Amino acid sequence: MSRVLGDVGEQVGEEVRVERGPLGPAQFWRGQGRYVVGELLDSWVETAPWWQRTAAGGASADLVAPREVYRVEAVRAGRSRMSFAGVYDLCWDAADNRWSLVRVHD
């Protein structure tokens with residue numbers, strides 16, 4: 001089961017601060033907590049769905065601006081990976097120059 005952020009008063013794609021390693025995110029900060037990435041589980045590139053358009057009705061630049069998604073196993077700093085690890089989808093949006101947490105898997 002996964003939870004897409006944005007369902008209960010949250011922005012879709014909660015902004016997070018990420019320290020990037022050679023293969024992807026090495027750690028990230030969510031609120032006051034720091035999460036250490038233990039394993040990169042998967043990564044892929046997404047583009048916006050073709051049906052999304054700008055308010056003016058023309059094709060959006062976002063249609064061709066891909067975003068990188070990283071599925072990671074991470075644990076809050078100071079906790080045991082064996083007991084408290086979670087799976088998170090982190091997204092790098094080059095067009096907006098920002099990282100966001102888009103999904104938390106239970």
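Me: Which residues have the most contacts inside the largest nonpolar core?

Reply: The model is predicted, so local features need pLDDT of at least 70 and side-chain atom pairs count only at pLDDT 80 or more, whereas totals for chains, interfaces and linings use all residues. Residues are numbered from 1 along each chain as its sequence is written, and side-chain values use heavy atoms, leaving out hydrogens and water. A nonpolar core is a set of buried Ala, Val, Leu, Ile, Met, Phe, Trp, Tyr and Cys residues joined through side-chain atoms within 4.5 Å, where buried means under 20% relative accessible area with a 1.4 Å probe and protein chains only, exposed over 50% and partly exposed in between. The largest core has 14 residues, and those with the most contacts inside it are Phe28, Val72, Tyr88, Leu90 and Trp99.

Me: Which strands each supply at least two residues of this core?

Reply: Strands (E, at least two residues) and helices (H or I, at least four) are DSSP runs numbered from the N terminus, and the chain has 1 helix and 7 strands. Those that each supply at least two residues of the core are strand 2, strand 4 (33-46), strand 5 (67-76), strand 6 and strand 7.

Me: How many bridges pair strand 6 with strand 7?

Reply: Strand 7 (residues 98-105) has 6 of its 8 residues buried. Two strands pair if DSSP finds at least two bridges between them; strand 2 (residues 14-20) runs antiparallel to strand 7, joined by 3 bridges, with Glu15 partnered by Ser100. In strand 6 (residues 86-93), which also pairs with strand 7 in the antiparallel sense, Tyr88 has Val104 as its bridge partner. The number of bridges between strand 6 and strand 7 is 7.

Me: What is the centre-to-centre distance of the pair formed by Tyr35 and Tyr88?

Reply: Rings of Phe, Tyr and Trp (its six-membered ring) pair if their centres lie within 6.5 Å, with planes under 30 degrees apart counted as stacked, over 60 as edge-to-face and the rest as tilted, and the whole structure holds 5 aromatic pairs. Tyr35 and Tyr88 form an edge-to-face pair, with 65° between the planes and a centre-to-centre distance of 5.6 Å.

Me: What is the relative accessible area of Tyr88?

Reply: The pair links distant parts of the chain, since Tyr35 is in strand 4 and Tyr88 in strand 6, 53 residues apart. Tyr35 is buried, with a relative accessible area of 11%. Tyr88 is also buried, and its relative accessible area is 9%.
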